[in-house]
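User: I would like to learn how to read a sheet and a core in a protein model. Can we work through one example?

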Amino acid sequence: MSAFGSNVDVRALGKVAVLMGGASAESDVSLMSGRGVLQALRSRGVDAHAFDPAHNDLGELKRGGYDRCFIALHGRHGEDGTVQGALELLGIPYTGSGVMASSMSMDKIMTKRIWRAEGLPTPDWRLVASSEETVLALQALGAPMIVKPAREGSTIGLSKVTSPEQCAQAYALASKYDPEVLCEQFIEGDETTCPVLGEGAGAHALPVIRIVAPQGNYDYQNKYFTDDTKYHCPSGLPEAEEREIQRLVVQAFRSLGCRGWARADIMIRASDRKPFLLEINTSPGMTGHSLVPMSARAVGISYEDLCVGLLATATLDTPPGATLSPAPGQPQEVVTP
């Protein structure tokens with residue numbers, strides 16, 4: 001495992017754009033991630049350059065002769081399939097999941113539907129369109145309940161409600177970020193996260209991280225801007241629980257068609273120690289507080305090797321050399337009016 005990224009021929013990687021910033025609600029965190037990745041790649045001799053789509057037209061990637069992109073964007077237009085689609089059209093390989101997997105993984109409701117169809121454990125939920133429906137969801141799911149935008153990350157727009165009186169404010173906050181609002185059953189217990197590297201049958205989980213936040217509140221501030229949150233890696237969980245979480249996150253990763261890397265969040269219910277998948281992040285943070293680098297370090301993968309190794313996996317949904325038109329001599333469909 002420790003060899004990940006250490007044997008890559010950096011000259012073969014060509015000219016690299018590190019996509020960072022963007023216009024999402026997570027742009028500040030993306031800039032922190034991108035700067036870390038940029039510095040790591042340059043330290044290994046990669047010809048890497050910062051590229052912020054909020055200030056530069058993506059067409060400049062083609063005109064600038066970039067050979068591949070490391071996507072360090074978070075949130076809307078960065079990990080929801082949109083920038084991935086643009087890079088597909090430009091023919092520039094990129095890190096992480098492809099268009100469809102990125103889009104589905106960003107949508108927490110679609111993710112949960114797929115996981116439920118695959119028999120994977122995820123908390124019960126309701127999709128709501130008003131504060132009144134949020135109250136009904138609370139009655140159905142019980143208190144406490146989580147209310148959050150369906151397509152945001154980093155706990156942005158998230159509230160924990162315990163009474164009907166809190167539902168209107170929670171819905172108003174979540175709906176500021178997305179017209180689709182997800183109400184989710186709250187799972188009381190240990191909060192964990194687990195990264196996955198690879199693709200398909202080669203996908204494998206890194207060590208589980210157990211998260212202990214102040215007052216159990218792992219919010220935006222406690223994720224990125226304080227040192228009060230405690231991260232345990234090794235997790236300290238029983239070996240059987242750790243293995244089961246790793247098995248679940250790999251299955252969750254594969255069920256969505258993810259590739260390259262991702263990080264899944266899991267709650268372990270205190271009453272019976274059953275794990276529940278919450279969501280999956282296909283463009284995880286790479287800041288000083290980020291969890292994928294922390295888990296990778298536990299198995300001997302340095303931050304620099306992680307960045308180089310991920311960059312080496314950059315690819316396209318359409319394989320290089322594949323043709324989108326009929327091969328010579330093959331019949332073409334004729335459309336008649």
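User: In β7, which residue is the bridge partner of V128?

Analyst: Keep in mind that this model is predicted. Strands of a sheet pair through backbone hydrogen bonds, either parallel or antiparallel. Here the partner of V128 in β7 is V181. Strands β4 and β7 (residues 181-185) run antiparallel and are joined by four bridges.

User: What is the order of the strands in the open sheet?

Analyst: The four strands follow the order β4-β7-β5-β6, and their pairing is antiparallel. From one strand to the next, the twist averages 25 degrees.

User: Which strands does helix α6 lie across?

Analyst: Helix α6 (residues 131-141) lies across β4, β5 (145-149), β6 and β7, and runs at about 170 degrees to β4. Helix α7 (residues 167-177) lies across β4, β5, β6 and β7, running at about 30 degrees to β5.

User: Now the core. Which residues have the most contacts inside the largest nonpolar core?

Analyst: In soluble globular proteins, nonpolar side chains tend to be buried together. The largest nonpolar core in this model has 26 residues, and V18, V37, L41, F70, L197 and L306 have the most contacts inside it. Two or more residues each come from β1 (15-19), α1 (27-43), α10 (291-297) and α11 (303-312). Helix α11 gives the largest share, six residues.

User: What is L197 in contact with, leaving aside its neighbours within four places in sequence?

Analyst: Its contacts include F4, H204, W261, I301, L306 and L310. A second, separate core has 24 residues, among them V196, A262, L277 and I280.

Note on methods: Residues numbered from 1 in each chain as written. Predicted model: local features only at pLDDT ≥ 70, side-chain atom pairs only at ≥ 80, totals over all residues. Heavy atoms only, no water. Pairing = 2+ DSSP bridges. Axes fitted to C-alpha atoms, helices over the stretch in contact; angles between N-to-C directions. Contact = heavy atoms within 4.5 Å. Core = buried A, V, L, I, M, F, W, Y, C linked by side-chain atoms within 4.5 Å. Buried < 20%, exposed > 50% of the residue type's maximum accessible area, 1.4 Å probe, protein only.
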